Each structure stands twice: as structure tokens, then as C-alpha cells.
Amino acid sequence: MPDGWQWDPTLFRGSAAYYERGRLPYAPGFAGTLAGALGATGSDRLLDVGCGPGIVTLAAAPYFAEVTGMDPDADMLAEAERRAARHGVANARWVTGRAEDLPAGLGAFRAVVFAQSFHWTDRERVAAAVRRMLAPSGAFVHISDLKDPPPVAVPSARPAPPYERIGGLVRRYLGPVRRAGQGTLVGGTPGGEDLVLRRAGFVHLERHVVPAGAELERTADDLVAWAFSRSDAAPHLFGDRLADFEGELRALLREASPDDRFAEQPPPTEIKIWRPANGG
């Protein structure tokens, strides 16, 4: 886990309702790319650890016999269940728990997925547990936005979201050190994932980059949702100043774009598929 930080159940408290609207989508077709790379046959099982409101779990559902989303936040899982019902997904189940609880009696999986969630865990312990849970030809999968994507060729006529100014406003309310649950992240979340996985016996890496989708129009409501979907600006952190913060945030956004409209290019999606030396 991040140095000096302990997980607690308030990490994303109050964020579930904002997550789907606030976060940028993964690249179109990323789930199909993942299933093809895994050689999924439709009879396999997938586990999504730290699934949040089920974004990846539900996208993967058509390619697997069963998909399981696991998360410690009950509100996230309730949102995931609502989304599953709304989209008519019948082969998904939801499990309350942390990655450190694995294997948790869940059985074997063709893929165990961490979509931008592995950095919140006791990574060495979790990687070792995942390796023991893999079915033959199974894989540890990490899904994330591609870091440092190529620049957009044609700039938009609309302004980009003022993320630096939003970050400054959050720091003015919550202090200069990033908040996370009841603690702080002095040095941010850890890197070095590749080394952690190699030490756990995952030696075969296959990497896929799925091209980004089209530019999106983002509203002020979307960007407020983005802020509240994050662990460092989760609604509970503001206490009785929450309404003041939201008011200042909306004023900041209106100053940046008087009609409350922004343009943003989603990044490509990077999929890393790690297989152990013994093939699972």
C-alpha cells in the first residue's frame, strides 16, 4: 500500500452516485479486445477486483459465462447492481470485500482484472493470491488510461476542463496533501507494478492499446461529478463545507466557460495481460 497510509472504508464514501457520469469512458471495444487477447470462449469466468459501479465488469459480461465484481464499498456495489438491471445483464454477481480477502472462496478464473485499483492494495500479497486463483491459461489483467497519449491533432473550439484550477480549489478546502479516506497520501499512490508482478511469478506480458473514442462534450455537471467521484475529493471530506465547495467549483467552471460546456478527448485504453511462468 502507499507508504504511511492505511485503507479505511471511507475511501470512496459518497462517490458512487457520481462515478459513471464523472469519469471518462474507456476506449470503445476495450472489452472485446480483452476477451480476444485472452482467448475467451464464452465458458470462462472473470473477476473484477475493485469494480466500483461495475464499469468493466458489465462491459466484459457478454464475453464470459460469469463475471464477478468485488468491491469493499456497498454503495458502489448497489450502483453496479442497478446498472446491471438497467442493461439487462444476468450473468454478473457482486461480492463485498477487499482484494486482501482473496481468494475468498470465489474459485478459479480465466482473468482477474484490476482496472486502476491495484495501487490501493497490498500488492505483493494480492498478486500472490491472484496467481493461485487462475484457471489454466489464466491471467492477471491491468486496465488503465494510457499515460502520456499522443496530442490531439485538431484542437477543439470549446475550452478544456480546467483541471489544474479544480485541483487548486480542492487543496484550498482540504489542504496541500492529497486526502484519501481518513488519511493522506504524502507521496501519492505507488508505481512499479511491473516489478511487483514479476516478483510474484508473472513473467509473460502482453500489452494492448485500444484507440480512444471521439471527443466528448463535458458539462459543468459532468465535471462536478468528476470531482466527487475521486478519492481525494469524495463528498464526505468537505463536511459541512460541501455546499460551499460545490458553489465555488461551479463558479470556477462558469468563469472558464460561460455556457458550462467543455471539450475533452478521452485517452486510449491500455490493457496489460500478465501470465505466470507455468501458464496459470
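A: Let me begin with a term: a polar contact is a pair of N or O atoms within 3.5 Å, where within protein one atom must be able to donate a hydrogen and the other to accept it, and residues adjacent in sequence count only if both atoms are side-chain atoms. By that definition, the side chains of Thr10 and Gln182 are joined by a polar contact of 2.9 Å.

Q: Before we go on, what kind of model is this?
A: This is a predicted model, in which local features need pLDDT of at least 70 and side-chain atom pairs count only at pLDDT 80 or more, while totals for chains, interfaces and linings use all residues. Residues are numbered from 1 along each chain as its sequence is written, and side-chain values use heavy atoms, with hydrogens and water left out.

Q: Back to Thr10, then: where is it found?
A: Thr10 is found in the segment before H1; helices (H or I, at least four residues) and strands (E, at least two) are DSSP runs, numbered from the N terminus.

Q: Is Thr10 buried or exposed?
A: Thr10 is buried, with a relative accessible area of 6%. The cut-offs are under 20% relative accessible area for buried, over 50% for exposed, and partly exposed in between, with a 1.4 Å probe and protein chains only.

Q: Which residues does Thr10 touch?
A: Leaving aside residues up to four places away in sequence, Thr10 touches Gly181, Gln182 and His236, where contact means heavy atoms within 4.5 Å. The side chain of Thr10 also makes a polar contact with the side chain of Asp8, at 2.4 Å.

Q: Changing topic to helix H6, how many residues does it have?
A: Helix H6 has 12 residues, 163-174, and reaches 16 Å from its first C-alpha to its last, close to the 16 Å expected at 1.5 Å a residue. The expected span is 1.5 Å times one less than the number of residues in the helix.

Q: And which residues of H6 are buried?
A: In H6 the buried residues are Ile166, Leu169, Val170, Tyr173 and Leu174. Seen down the axis of H6, its buried residues fall within an arc of 115°, so they line one face of the helix; the arc is that of the directions from the helix axis to the C-beta atoms.

Q: What do those buried residues of H6 pack against?
A: They pack against strand E6 (178-180), helix H8 (220-228) and helix H9 (242-256). The face of H6 turned away from its buried side carries the exposed residues Glu164 and Arg172, and H6 is followed by Gly175, whose phi is positive, near 100°.

Q: How many salt bridges does the structure hold?
A: The structure holds 22 salt bridges, each being a side-chain nitrogen of Lys or Arg within 4 Å of a carboxyl oxygen of Asp or Glu. One of them is formed by Glu20 with Arg86, where the closest N and O atoms are 3.3 Å apart. Glu20 lies in helix H1 (residues 16-22) and Arg86 in helix H4 (residues 74-86), so this pair ties together parts that are 66 residues apart in sequence.

Q: Could you give me another?
A: Arg275 forms a salt bridge with Glu206, the closest N and O atoms being 3.2 Å apart. This pair links distant parts of the chain, with Arg275 in strand E11 (residues 269-276) and Glu206 in strand E8 (residues 202-210), 69 residues apart. Arg275 counts as buried at 18% relative accessibility, whereas Glu206 counts as partly exposed at 26%.

Q: Last topic: how many residues has the largest nonpolar core?
A: The largest nonpolar core has 29 residues, and those with the most contacts inside it are Leu34, Val141 and Ile143. A nonpolar core is a set of buried Ala, Val, Leu, Ile, Met, Phe, Trp, Tyr and Cys residues joined through side-chain atoms within 4.5 Å.

Q: Which element gives the most to this core?
A: Helix H2 gives the most, with 5 residues. A second, separate core of 23 residues includes Ala99, Leu102, Val112 and Val130.
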